[in-house]
Amino acid sequence: MTNHWSDMVHADVIMIMGSNAAENHPIATKWITRAKEKGAIVVSADPRYTRTSSFADVYCKFRSGTDIAFVGGMINYALQNDFVQKDYVLNYTNASFIISEKYGFDDGLFTGYNPASRSYDKSHWAYELDGKGMPVRDMTLQHPRCAFQLLKKHFQRYDVDTVCNITGAPRDVYLQVCRHYTSTWAPDRVGTWLYAMGATQHTHGTQNIRTYAILQLLLGNVGLAGGGVNALRGESNVQGSTDMALLFHILPGYLASPTAADQSLAAYLASNTPRTNDPKSANWWGNYPKYIVSLLKAWYGGHAARENDFAFSYIPKRSGDYSWISLFEAMYAGQIKGLMLFGQNPAVGGPNTNKEIKALEKLDWMVAVDLWETETASIWKRPGVKPADIKTEIFLLPSASSVEKEGSITNSARWAQWRYAAVHPVGNSRSDLWILDALCKAVKKEYAAGGVFPEPITRLAWDYGTGEEVDVRKEPDVHRVAKEINGYFTQEKTVGGRQYKKGEQVPGFALLQDDGSTCSGNWLYCNSYAGPEKKDNKMARRSKRDAMNGIGLYPDWAWCWPVNRRILYNRASVDPTGKPWNPKRWVIRWNAGKKQWEGDVPDGPWPPGEKHPFIMKPDGHAWLFAGNLNDGPLPEHYEPLESPLPNMMSRQQVNPAIKLWHKDAPEMNAVGTADRFPIVGTTYRVSEHWQAGAMTRNLPWLAELVPDVFVEMGVDLARQKGVQNGDRVTLETARGKMSGYALVTRRFEPFRHNGKIVHEVGVIWHFGYQGIVKGDSANVLTPHVGDANTMIPEYKAFLCNVYKAKGGAS
Amino acid sequence: MKALLIDVTRCVGCRGCQVACKEWNELPAEKTRFFASPKGYQNPRDLSSKTWRVVTYNEAQTNGRFEWVFGHLQCFHCIEPSCATACPVSALQKTKEGPVVYDPDRCLGCRYCQLACPFLVPRFEWDKAIPKITKCTMCADRVAAGEEPACAKVCPTDAIVFGEREDLIAEAENRIHRNPRGYVHHIYGKDEVGGTCVLHLSNVPFEVLGYRTDLPKISLREYTKTAMQVVPHVKIGLAVALGAVSWVIQRRIRNGRDEKNGSSSGGES
Amino acid sequence: MKISRRTFLGATGGSALGTAVSLFGPQKGRAHAAQTPPMKTVRTKQSTTICPYCGVGCGLIVSARDGKVVSIEGDPDHPINEGSLCSKGMALYQVAVNERRLRSVLYRAPGGSRWEEKTWEWAVPEIAKRIKRTRDATFRREEGGRTVNRTEGIACLGGAALDNEECYLYSKLARALGVAYLEHQARI
């Protein structure tokens, strides 16, 4: 989230699209309800009328997978009617930047496309540079190749009739949505955009989000209180786990994980440190060397020195894609022999679970760490298999729950909040911290006697106060870990005229060094634990004092990255002179007398106008036109991999830049067509269950509330299929079938596209063969295909059919 | 006198309240199955000795607009509770703070209260050897300690709020006044059966939520008392006693309905 | 309207520490003492926590007595949820007190049809041996003449339910082992 939960109260219009906040983030409704009390309009755009729609002022349906057309039409509506905050767009976005002559777009393809590799040569989309290497700009926004005009031309094609034909949204309701939302172009009005997995789990998920960002920038809604582009994250610490880089492509703090091309630290830095010739660009990522060297110092301590490239060679170098789907394809192919799982249950939660479970069976060994006996740990117990046929050796380690250990988690709003141990772990369960500490020490012991390239292990800095032997009574010192994440001086060092002692905590990431004199496990968290004592742990703060702008930032409640900035891009909340666009709910403002910013922690200390506001971009501007994406610099509508309709925008049926697993690895990757599977299917969650279900289907009170899988379908479809409310139905795709109870409801209406009726059904995916309540996993239905940029699987739109199954009504 | 105001227009159906009730009152889960009627989400099906509060899911078409509205089943905590009057051993009592509470140690399990209650709230522990009557106590222990009932405290949108009854009535009137098109112009529980300590506001007719709309505006207590007086003592055949109470109450309600010129039936399902 | 959400924790010291002892007993005005027992959270040790479910980050208060969780409720001081919770957060008590929780190390041999109870002292070194065996067998120092120092034979998954400090150590350990296939919930 650029903003935070209670900030939603400041919005004039709240757009909830790709999110069912009332069910998946119910406490959001506290703040949305308060905004409504103050007159805010709430819009819910969703294929199905949900609990979120129930409290929205406007509900607009649209077919799953047509988000880009839907929002593209809103962008066009804003541009055609001049509902654009011009000063903001001109000064703070790349609207005025001239794009290369090589850029072009025709019939769904951008220039630079290579059909053999299904990829683009992005140099076609670069900025035009002047002799000094500065982007050429046209401040009149009239140049035909400026980003603004290209954007306008691109989205002109998304007129209301075309959009409603693609999406199936009712024209009158859609126009209401456009009117309401674009009203926030006025500087004293603001709109917030809330989304979640409904937006990301598509083959064009990244571009879905891009449409939100483009519209928010045109309306001048980014950086303001009550504005922003807000991803509502679904797990309590999925923000923190991402920050800490439990992903193949990054290291902690969003540093790129090295590739095989990075044969030295210098080569790595050359390919990753952005450069700018614009003196007004802060280019924050120019600090790359400080962050990576500090990370290497945290990991290899005295073994990381300038002489050995700070142990850069110890870090694995990737060659290609190791993301989730690739991982399970490699496991299915027999390449992966051992698996460690900490609190994750792919046998329910992965896409195409029939294939992913088959892949799990091919492992030699699996170590599953969990509170519960999950489906993944008990694949050998699942219905229809003989345990003797499954050769995987399985260790199931009992872990402590969140109330039995101490540490921090980071919420969707980037707040790192500290938790305490209320009681001891149950039975012989141990914290994940203890388990990781014990495993690392045991592996170090193995490698002390030699092995293949043992140095990255034997030299790993690892001392969390438990000694060298594994001891069940000794809990690692979590504060020591938190202090390492923050970072400390590894030697005496003078920075900015102040002398820091060896061992002293680094007060903030601006002080991190690239010479090895500081360590920091994650530069983004530098400032979270800025002193030696427990009282210096800012993540544990509980003061309700508000900042002087009185907009509920609560700067002394817990701690927020980066450097406690509560609203990102807040330099865009003021005009170029430092005056808030909206003085009634200002975020920061320039105090000319004191020569300092007031309010939130600003995006850098520089006076107004001295630096461009979007400091994480090398050019300092927000990108309406984004030349770095794999599937094009502007969002374009393509149909999902499986769709009942041809793409009405171009002859490119699906995103041209996605990897087609059904062609590259056809086994168990069948793709269905509309003749056999004419119905659009989607998956989602309910308020009462959580993710793959282990944390809720094992709880009697929650099992009671939602005891069975159900399939929601419209009245017309049910009539056609002879299905009554409460009947058992079977859902089938090209990959698998599963059963559940039919919930026949007016909340799921068919869609009309150019006169053709398309039905959609939806099913909850929380269920599996373990727990108090059991049921089929909906992910046997979903395909192995991912977004072109993030590789997030397309769970949200596929083709299926539905039949009445055996068994009666309840 | 304390009361709860339940504004279903603010409810998002998350059911934090249903779990909060079980957590605070240490009520076990029921074994449930997908409940098709009316629309799938509701579970358990009804109040029981293990479930003192249930959120209902109702699809409705009102004023040309489709609505999904979430109703709330729980004890209404009548100002003059007929259950307490019906109880031969005073196990059920109205506290001056508002909650209608009961003492399980006193309960004989006669179930008079069940028949006396116009809202069908008290439930019997059918699965126990010495069954008792149970129901929502408005978290009387919390109220006595100056806390809110668990359901009110947990509610994210303040769809359930706790306070002085007269303040809540004023607040409810104010909400209707401020947003006359957003509400049915009626505070359910303000006058029903002489007034209750659980008040409801709705944007759809109360029958749609399954609430009884055939109740008289005066207390049923007098009639209950009369019924109890004609029953010599509990030792007389239980069926006779229950029958007598039930007859009086139902006649009273019928009369009330007649007074309203035969308006729609409604009733809890 | 303004409604009172009186705090469980003291306004200052207890809050700052995140732990406190509740001394709230029954208060005046109780009409039916015999029928109204004191609140079950009286004389419990209370500590704050953050909800382990979705990403909102709601605050809760855990009340424990004699090392056992007695009740878990929303934290009225928390600026996001102000004491309120959804059905999942409200059910957190049943994560803490639940007979279905794993209580010992379980091991299932290849082809085996049951779990065997094991000790940590046995399991940790056994797992370390398998990590080493697989890593050594699959480790690649070079690829096409370039140093890559990685294994594609071990995969690591999970982490979104772990604390930051745990995620950090997991990340650090996985990289030290040379694991290329490191993924978790954020991808899916």
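## Salt bridges overall

The model is predicted. Side chains of opposite charge can pair when their charged atoms come close.

## Lys86(A) and Asp82(A)

Lys86(A) pairs with Asp82(A) in a salt bridge. Their closest N and O atoms lie 3.5 Å apart. Lys86(A) is partly exposed, at 46% relative accessibility. Asp82(A) is partly exposed too, with a relative accessible area of 42%.

## Glu469(A) and Lys445(A)

A salt bridge joins Glu469(A) to Lys445(A), with 2.9 Å between the closest N and O atoms. This pair links distant parts of the chain, 24 residues apart. Glu469(A) sits in the loop between α17 (455-458) and α18 (478-486) of chain A. Lys445(A) belongs to helix α16 (residues 432-448) of chain A. Glu469(A) counts as partly exposed, at 48% relative accessibility.

Asp471(A) and Arg473(A) form a salt bridge through their side chains, at 3.1 Å from N to O. Arg473(A) reaches 71% relative accessibility; the cut-off for exposed is over 50%, so Arg473(A) counts as exposed.

Elsewhere, salt bridges with shared partners build one network. Its members are Glu23(A), Arg51(A), Glu688(A) and Arg15(B). The network therefore includes residues of chain A and chain B, joined by salt bridges that share partners.

Technical notes:
Residues are numbered from 1 along each chain as its sequence is written. Chains are lettered from A and ligands numbered from 1 in the order in which they are written. This is a predicted model: local features need pLDDT of at least 70, side-chain atom pairs count only at pLDDT 80 or more; totals for chains, interfaces and linings use all residues. Side-chain values use heavy atoms; hydrogens and water are left out. A salt bridge is a side-chain nitrogen of Lys or Arg within 4 Å of a carboxyl oxygen of Asp or Glu. Buried means under 20% relative accessible area, exposed over 50%, partly exposed in between (1.4 Å probe, protein chains only). Helices (H or I, at least four residues) and strands (E, at least two) are DSSP runs, numbered from the N terminus.
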